[in-house]
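Please look at the sequence and the three-dimensional structure shown here. The paragraphs that follow lead through the structure step by step.

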Amino acid sequence: MRAARAAGGEGSALPRWVFVPAALGVLLVAVPLAAIVARVDWVRFPALVTSASSVAALRLSLRTAGASTACCIVVGVPLALVLARSALPGLRVLRAVVLLPLVLPPVVGGLALLYAVGRQGLFGPALEAAGIRVAFTTASVVLAQTFVSLPFLVVSLEGALRTAGRRYEAVAASLGAAPSRVLLRVTLPLVLPGLVSGAVLAFARSLGEFGATLTVAGSLQGTTRTLPLEIYLQRETDPDAAVALALVLVVVAAVVVVAVHGRRGAGAR
Amino acid sequence: MRRRAAALPVVAVLLLAGCGAGPSAAGPSAASSASSSAAPLTITVFAAASLRTSFTELGAAFEARHPGTTVAFSFAGSSDLVSQIVAGAPADVFASADEANMAKVLEQELIAGRAVDFATNVLEIATPPGNPARVASFADLARPGLDVVVCAPQVPCGAAAVKAEAATGTTLTPVSEESSVTDVLGKVTSGEADAGLVYATDVRAAGAAVTGVPFPESAGAVNTYPIAALSNSEHAADAAAFRDFVTSADGRAVLAAAGFGEPPA
């Protein structure tokens, strides 16, 4: 990854025509975003984004996306380690399964979760007996977000692990360090930038989650109605409010993406 | 090599144009290519999602009576359809699930002739098959521990639910306020909710997937469905013909079979 980046940095070999489709690609993304900014009703903007429902949605989104990111780290880091470092049979299949939410429409993910942990799902009766209710709870929002965000963290970290290689780990082990010590003192510090950018991507994906949440969690102010769901609902009666909230989401996402890019840039240098 | 490279941006632009065309362009182009032979044409009807079953049937009946005419439908939430129509979508007829959304189209002066009320719909309680929670009345929905799902007040079915609450003096504490009646029905058919407030026609269309519990107070929250031909239509006569067919006795019969009520006199 670093080597490729360095080669790209020299830049002399890049044919000029490449810039034309590249510019079209930029326009494709930038023009609609600029259109949102152009639509914002700046006079009402402060009132729209500070209304009770907007604040509740923003708070819930930040809280659930934070919790989902924590969940992703807890299970995603070990998963990436297994994928990058172990010699288990069937790793390819395992990787394909873990990455599946990347390509699934989120509503399909929502249905899948419903069939797994819903009242009439695979584990519904068992959960019911244990007094655990998943649907319509904030926990179900976190579950949906973790489902769709996990691959982002795993892909990012597995890539970092492969790039880092095993040299330092081998040296540490040869000096008598136990596997856990190698992992905590050598491997993880080495891939920390990759872990951070993976976590930030997972956070951003959680923040934007819509389809799976709508399907499995429903929509109730303060409990399950995250920012994207609030935007979807506001658009029915007050498009100005929807646009104002959309801008908030775009700004938060932009901050997140810039943060990741900054990290990566620092790592490459 | 250089010459071939110069052609690439052109190809890219063409590709992009192709990407951008999408389904909205498919309607008129299909219609124009069809009109080059004989005289067949396609009219595009934008109709509220709750009309899917009955309008699909009405479309087939209309096609049978007007050989050479094809009726294409786009079913969605009424407010989504209004946004599309105002943005210039190629629609010939619009059938709304409430008067408020038709008023928005009228305001933009996009209606040809006038809007005609053609049906009404009332709320009904939908429960999972067999009504396991034994919901018998609207007041039962306020029972503690019962998971009730409704539409958000911002959408027509939610506005009707608020009216029903006022009419019965019952305050609901729903576990979810969905953005569309389809989502409410989904929560009931999947068994996640003990009860949901949907339209009587949704209960009818869902068949054995739900058990309906009508309640008398629903008469206080009736939704009226208007239909209108649109002024931007290139097939004004056919659009008006479809509107008139829906509001005819034959059209009413199909709608009544789906559970819709008579329009207000």
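Leaving aside its neighbours within four places in sequence, Phe55(B) touches Val45(B), Ala47(B), Phe73(B), Phe75(B), Ala95(B), Phe118(B), Ile227(B), Phe242(B), Val246(B) and Leu255(B); contact here means heavy atoms within 4.5 Å. This is a predicted model, in which local features need pLDDT of at least 70, side-chain atom pairs count only at pLDDT 80 or more, and totals for chains, interfaces and linings use all residues. Residues are numbered from 1 along each chain as its sequence is written, chains are lettered from A and ligands numbered from 1 in the order in which they are written, and side-chain values use heavy atoms, with hydrogens and water left out.

Phe55(B) also belongs to the largest nonpolar core, which has 63 residues. A nonpolar core is a set of buried Ala, Val, Leu, Ile, Met, Phe, Trp, Tyr and Cys residues joined through side-chain atoms within 4.5 Å. A residue is buried when its relative accessible area is under 20%, exposed when it is over 50%, and partly exposed in between (1.4 Å probe, protein chains only). The members that touch the most other members are Leu51(B), Phe55(B), Phe118(B), Leu141(B), Leu197(B) and Phe242(B). Strand E1 of chain B, residues 41-48, gives the most to this core, with five residues. Helices (H or I, at least four residues) and strands (E, at least two) are DSSP runs, numbered from the N terminus. At least three residues of the core come from each of domain 1 (2-120 + 224-257) and domain 2 (123-220) of chain B; the domain bounds come from an automatic or database domain assignment. Apart from this core lies another, of 20 residues, including Leu91(A), Leu161(A), Val191(A) and Ala202(A). In soluble globular proteins, nonpolar side chains tend to be buried together.

The two chains may now be described in turn. Chain B contains nine helices and 10 strands, and 48% of its 265 residues are buried. Among its contacts with a separation of 6 or more, 77% are between residues 24 or more positions apart. Chain A has 14 helices and zero strands. Of the 269 residues in chain A, 38% are buried, and its C-alpha trace spans about 65 × 60 × 30 Å along its principal axes. The accessible surface of chain A comes to about 14300 Å², and carbon and sulfur atoms account for 71% of it; such areas come from the Shrake-Rupley method with a 1.4 Å probe, and for residues only the protein chains shown count as cover. Chain B exposes about 11900 Å², with 58% supplied by carbon and sulfur atoms.

Where does Val149(B) lie? This residue is part of strand E6 of chain B, residues 148-151. Val149(B) counts as buried because its relative accessible area is 0%. Beyond its neighbours within four places in sequence, the contacts of Val149(B) include Phe136(A), Val175(B), Val184(B), Ala195(B) and Leu197(B). By comparison, the C-alpha atoms of Val149(B) and Gly113(B), 36 residues apart along the chain, are separated by 39 Å.

Asp147(B) lies in the loop between strand E5 (123-127) and E6 of chain B, and Arg133(A) in the loop between helix H7 (124-129) and helix H8 (138-164) of chain A, so the pair joins two chains. Asp147(B) counts as buried because its relative accessibility is 13%, whereas Arg133(A), at 25%, counts as partly exposed.

Another salt bridge joins the side chains of Asp80(B) and Arg235(A), at 2.4 Å from N to O. This pair crosses between chains, from Asp80(B) in helix H3 (residues 78-86) of chain B to Arg235(A) in helix H13 (residues 227-237) of chain A. Arg235(A) also meets Glu236(A) in a salt bridge, at 3.2 Å from N to O. Arg235(A) is partly exposed, at 28% relative accessibility, while Glu236(A) is buried, at 11%.

Conventions. A salt bridge is a side-chain nitrogen of Lys or Arg within 4 Å of a carboxyl oxygen of Asp or Glu.
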